[in-house]
Amino acid sequence: MNARDHVTTTPHGSDLVRQIVLLSAVSFMLIAAVIGAGAFGNTAVEDQQGGALDTDGSYLAPAGPAFSIWSVIYLGLIAYAIWQALPRQRASERQRAMGWPIAVTMVLNGLWLVAARFGTLFLTVVVIVLLLAALGWAFRTAVVTRDPRGGVVDSVLIDGVTGLHLGWVTLATVANTAAWLTTVVPPTWEDAASAIGVTVLVVVAIIGLAIAWRSGWRVAPALALAWGLSWLAVERLTGSPTNAPIAITAILVALVVLLPPAVVSGLRLIRPSID
């Protein structure tokens with residue numbers, strides 16, 4: 001993709017539709033987020049589903065401060081929605097490629113909160129898996145359409161925000177699934193909690209490295225994953241239920257996932273020709 005492909009001079013009728021749909025999608029997501037946060041007298045997310053989604057809902061749930069990353073992701077998505085609605089972005093080839101996938105992730109993000117409030121715990125797992133798949137699609141599209149000369153705003157609001165969203169939801173999918181399984185498996189499974197938890201985190205490490213490798217070692221997904229894993233370790237060391245093997249593994253996985261893309265990103269700052 002070269003510089004002249006970044007913006008086309010021939011707008012299509014569907015371009016305005018895409019911009020409006022994206023603004024509608026972010027509005028739906030934000031309304032769902034406000035309700036999910038417990039506004040208007042509603043129960044907050046962590047208290048829904050019988051408390052299964054709280055930090056003590058499973059051995060793979062991160063501590064409460066980890067969820068503050070949603071503020072960064074939501075602010076990024078709001079900024080992206082406003083930016084993409086500008087007239088000069090209407091006929092951008094990259095916006096044409098990215099707008100629909102990002103809109104889908106916004107809608108699924110809001111639907112997860114609706115599922116948590118009005119549906120079942122299993123339904124939240126289904127929705128978050130769909131969200132993870134949509135984010136994989138969106139981030140892959142961001143990677144293949146990236147123009148190094150696209151500018152800082154393009155890089156931050158598309159690659160950065162989508163990458164953070166993908167990284168966080170990767171871990172959130174694990175925590176959500178673990179919360180559901182905790183409510184349906186026999187209590188005797190708790191005897192194997194350490195072994196199961198460590199195994200799952202090893203798989204998370206493989207997934208995190210695969211995302212980094214397939215994206216050309218972009219750092220944003222790894223940052224979000226490492227953030228969540230660090231708070232998972234904190235919760236397993238200081239919260240309930242405690243589990244030192246899972247905590248230690250989470251710390252190691254955070255380092256394994258973060259260091260390679262961080263090193264590559266550092267080298268790119270020193271030698272911009274590295275890609």
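Guide: Helices here are DSSP runs of H or I with at least four residues, numbered from the N terminus, while strands are runs of E with at least two. A word on what you are looking at: this is a predicted model, in which local features need pLDDT of at least 70 and side-chain atom pairs count only at pLDDT 80 or more, whereas totals for chains, interfaces and linings use all residues. Residues are numbered from 1 along each chain as its sequence is written, and side-chain values use heavy atoms, with hydrogens and water left out.

Now the helix itself. Helix 6 covers residues 193–214, 22 residues in total, and reaches 31 Å from its first C-alpha to its last, close to the 32 Å expected at 1.5 Å a residue. That expected span is 1.5 Å times one less than the number of residues.

Which residues of helix 6 are buried? They are A193, G197, L201, V204, A205, G208, I211 and A212. These residues lie on the same side of helix 6 because they cover an arc of only 130° around its axis; the arc is taken from the directions from the helix axis to the C-beta atoms. On the other side of helix 6, I206 and W213 are exposed. Here buried stands for under 20% relative accessible area, exposed for over 50% and partly exposed for anything in between, using a 1.4 Å probe and protein chains only.

What does the buried side pack against? Its partners are helix 4 (121–145), helix 5 (152–184), helix 7 (220–238) and helix 8 (244–270). Let us visit these partners in turn.

In helix 8 you will find T249. T249 counts as buried, at 13% relative accessibility. Leaving aside neighbours within four places in sequence, T249 is in contact with V198 and L201, where contact means heavy atoms within 4.5 Å.

Helix 5 comes next. Its 33 residues should span 48 Å at 1.5 Å a residue, which agrees with the 46 Å between its end C-alpha atoms. Helix 5 has a kink of about 25°, centred on G160; the bend at a residue is the angle between axes fitted to the seven residues ending there and the seven starting there.

Aromatic rings bring in the remaining partners. Rings of Phe, Tyr and Trp (its six-membered ring) pair if their centres lie within 6.5 Å, and planes under 30 degrees apart count as stacked, over 60 as edge-to-face and the rest as tilted. By this rule there are five aromatic pairs. One of them joins F122 and W180 in a tilted arrangement, 5.1 Å centre to centre with 50° between the planes. F122 lies in helix 4 and W180 in helix 5, so this pair ties together parts that are 58 residues apart in sequence. F122 is partly exposed at 43% relative accessibility, and W180 is partly exposed at 23%. W227 and W231 have ring centres 5.9 Å apart and planes at 70°, so they form an edge-to-face pair. Both belong to helix 7, four residues apart, which means that about one helical turn separates them. W227 is partly exposed at 34% relative accessibility, as is W231 at 24%.
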